Amino acid sequence: ASPNPWWANCVVYQIYPRSFQDTNGDGIGDLRGITQRLDYLARLGVDVIWLSPVYKSPQDDNGYDIADYQQIDPMFGTLADMDALLAKAHRLGMKVVMDLVVNHTSDEHPWFQASRSKDDPHADWYWWRPAKPGHEPGTPGAEPNHWGSYFGGSAWQYDPKRGEYYLHQFSKKQPDLNWENPAVRHAVYDMMNWWMDRGIDGFRMDVITLISKHLGPNGEMEDGEIGPEGYSNVYWFCEDGPRLDEFLQEMHREVFDGRDGYMTVGEGTGIEGGPRDEHITDPRNRELDMLFVFTHLDIDHGEGGKWTPKPMRLTDLKRTMASQQNAVASNGWASIFLDNHDQPRVVSRWGDTSSDDMRVRSAKALALLAHLHRGTPYIYQGEELGMTNAGFTRLDQYRDLESINMYHQRVEEAKVESADDMMAGLAAQSRDNARTPMQWDSTKYAGFTAEYAPTEPWISVNPNHDVINAEAQVDDPDSVFAFYQKLIELRHTNPIVAAGDWTLLDPEDEQVYDFLRSLPDSDGGVEGRLAGSAEGRSDGGAAGSTEGHLEGGVLGNARRSLLVVVNCSSRSAHVPAQ
Ligand code: TEU
Ligand code: CA
C-alpha cells in the first residue's frame, strides 16, 4: 500500500515570515525578505517551503487570525510579492505550501461580522449560543458553560450586537467556524482552489483535526469538570469529531482530486499516533498525506501541563516516537519534527547547551535522530543553525498572547503558580522561544533587519547571534548547517532513509537511542542487527555514566540497512534544562 509519493523523499522547511527577513526596516519580516533568502534554502537543499500565515490579519495571534484569505497582509507585502516568491522558488526547484487556518477566522473577517446579525445568511457560520438560562447575557457567569480557551479566559465571548456568545477555542479574536454548515465548507474549498490555481503546492492545515465538533443528539455541548484555573476542558468537544473523515474526504474531492504534485499535512491536535493517524494518512482514504502528531512533545510537560515542565526521559521519547512510527508502518505516512513556531527550541529543550561544543554536538545529534526516522522531516527556521531559546527573563520581553495571557491567568487571577515559577515555565516552554529573529550574521540585528533600520525588530534578537549565525556556518564543513545539508543529501540519495522500515532497538535504555532502518528485502539479517546494536552501545562509551555527551553517528551502513545510534547520556546529566 506504500505509495512512495514525491514528498516521501523530501525535506520541508518552515518559515515564520515575521521573524525571517525584514527588507523595509519596519522590524517585521516580509515576503520580499523570503524571496531574497531563497538561495540560502536552495543551498541547504530543502525541497518544500511551508509559510506560516501571511494573509490579511489583525495579527492578534501573528496571522493565525485571518481577516481575508485572498489578500496578503500589507505588513508582509502584496499578492504580486507572493507571485514573485512562488516563481523564484519554483525556478530553484522548491515547492511552496501555505498555512490553511480554517478551524477559525479572525473576528474581523467579513463572514464573522455578517454572522453577528441573526437574520444574515451568515448567521449560522459560527458557534453562537445564548447565555446560560436564568443569567443576564454578558454578565459574569452567564457564559453557556465553563469551557476555557487555550489562550486564557472563557472559550465564550459575548457579542452585545447579537446578544449571544460565540465559541473560540483560541483567542477571542479567533471565533470557531461552524463546519456543520455546508456553505462554510464550500466557501473554504473555493478559497483553497483559488490558491491552488495561483500555483501553490499544497497546504499545512492548522488544527484541522478540530473542525468537527462532538455535539449531543440535540446539539448539546456538555460541560466538564472545572479545573484549578476556573475552566473546564474544551478539547474533548473539538478533537477528532464524528464528521472529520467526511469533511476531509469532501475537501479532497472538491480541491485536490485531479491535481498532482501537491502535498497536504494536517496539524493532528488530539491524534495520538495510532489507528486514527493511519486512517487519516492512508492514501486509499483520500483525506490527508501526513499529520503532525504531538505525543513526543508532551513528554516534558508536568502536572500543570506545559507551564510546569519536567525532565524528559529518553525512554518516553522512544516510546512516543515508536508509536508514531509503527502507526503508519504499513499504511499512511509520518511527518517528523522536533521544532516549530509553537515549541521551544529543541537544542535548549533536550540538548546540552552548557558549552558551544556541546550545543553543536546536541544540535547534530537531534538532527540525526529526527532525519533518520521514517517519514518526511520538517526543519523549522534556525534549527539548521542550532538556534536556542530566547533567554527572556522579563514578561515585557514576550510578545506571544498565549504566554502573556497565561501568566496573568495562572499567577494573578487563579494564583496556581508563583511569578518566579511561571517565568521559569515561560523561559522553558513559551512559543516566543522559537520566534526570535533568524540569525543571519553577527551585526546588531543579526542581519534580520538592517543595522540602521528605523524600527527595532518586533521581538528581541537573541544576543547569542554573535556566535550562532548563518554567515559563520555556511562555509564551515563542521557546522550544524553543513550537518543538515548532509542529512538532506542522504535522504535524496539513499533509498533506505526514505523508504526503509524502522525498528527500535533498545526501548529501555535511558542513554542510547538506536534504531535500524532496512529495506524490506534486506540482506543484513537478524544477526547483523544484534551485532550492530552491541557495537553501538560500546562505541557510545558513556552509556550509564553522566560524562558522555549527546551526539550521534550512523554506525552501520550496509547496502540495505542502516544502524543509527545516538548517545544521549549528557542530556540526562543536564536536565532539567529550564
Ligand atoms: O496551534 C494549535 C495547537 O494545537 C496548539 O498546540 C498550540 O500550539 C498551543 O495551543 C499553543 O501552545 C496552531 C498554530 O500552530 C498556533 O500557532 C496557533 O496559535 C493556533 O493553532 C491557533 O490558530
Ligand atoms: Ca518588513
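A crossing of two helices is called left-handed if the near helix is turned anticlockwise from the far one by less than a right angle, and right-handed if clockwise. By that rule, H5 and H7 cross in a right-handed way. This is a predicted model, in which local features need pLDDT of at least 70 and side-chain atom pairs count only at pLDDT 80 or more, while totals for chains, interfaces and linings use all residues. Residues are numbered from 1 along each chain as its sequence is written, and chains are lettered from A and ligands numbered from 1 in the order in which they are written.

**Helices H5 and H7**

- Helices (H or I, at least four residues) and strands (E, at least two) are DSSP runs, numbered from the N terminus.
- Helix H5 covers residues 182-198 and helix H7 covers residues 244-256; their axes come within 10 Å and cross at roughly 45°.
- That angle makes H5 oblique to H7. (Angles under 35 degrees count as roughly parallel, over 145 as roughly antiparallel, 65 to 115 as roughly perpendicular and the rest as oblique.)
- Axes here are lines fitted to C-alpha atoms, for helices over the stretch in contact, and angles run from 0 to 180 degrees between N-to-C directions.
- On the H5 side, the contact is made by Arg 185, Tyr 189, Met 192, Asn 193 and Met 196, and on the H7 side by Phe 247, Glu 250, Met 251, Glu 254 and Val 255. (Two residues are in contact if their C-beta atoms, placed from the backbone, lie within 7 Å.)
- Sorted by class, the contact of H5 with H7 has six nonpolar, one polar and three charged residues. (Ala, Val, Leu, Ile, Met, Phe, Trp, Tyr, Cys and Pro count as nonpolar, Asp, Glu, Lys and Arg as charged, and the others, Gly among them, as polar.)

**Helices H11 and H15**

- Helix H11 (residues 356-371) packs with helix H15 (residues 480-493) at an angle of about 15°, and their axes are 10 Å apart.
- H11 is therefore roughly parallel to H15.
- Their crossing is right-handed.
- H11 brings Val 360, Ala 363, Lys 364, Ala 367, Leu 368 and His 371 to the contact, while H15 brings Val 480, Phe 483, Tyr 484, Leu 487 and Arg 491.
- The residues of this contact divide into eight nonpolar, one polar and two charged.

**Helices H12 and H13**

- The axes of H12 and H13 come within 10 Å and cross at roughly 155°.
- These two helices are therefore roughly antiparallel to each other.
- The crossing of H12 and H13 is right-handed.
- Ser 403, Tyr 407, Arg 410 and Val 411 of H12 meet Ala 419, Met 422 and Leu 426 of H13.
- In this contact there are five nonpolar residues, one polar and one charged.
- Within helix H13 (residues 419-429), Met 422, Gly 425, Leu 426, Ala 427, Ala 428 and Gln 429 are buried. (A residue is buried if 20 or more other C-beta atoms lie within 10 Å of its own, exposed if 12 or fewer, and partly exposed in between; C-beta atoms are placed from the backbone.)
- The cover over the buried residues of H13 includes strand E13 (305-309) and helix H12 (401-413).

**Some residues to look up**

- Lys 306 sits in strand E13 and counts as buried, with 20 C-beta neighbours inside 10 Å.
- Leaving aside residues up to four places away in sequence, Lys 306 touches His 301 and Gln 429.
- Lys 306 and Ser 430 are 124 residues apart in sequence, and their C-alpha atoms are 8.8 Å apart in space.
- Ala 424, in helix H13, counts as partly exposed, with 18 C-beta neighbours inside 10 Å.
- Lys 415 lies in the loop between H12 and H13, and with 11 other C-beta atoms within 10 Å it is exposed.
- The phi angle of Lys 415 is near 50°, a positive value in a residue other than glycine.
- Ala 446 lies in the loop between H13 and helix H14 (470-473), and its phi is near 60°, also positive in a residue other than glycine.
- With 25 C-beta neighbours inside 10 Å, Ala 446 counts as buried.

**Around ligand 1**

- There are 13 residues around ligand 1, and Tyr 64, Tyr 150, Phe 170, Thr 269 and Asp 342 come nearest. (A residue is near a molecule or strand if its C-beta atom, placed from the backbone, lies within 6 Å of it.)
- The shell around ligand 1 has five nonpolar, two polar and six charged residues.
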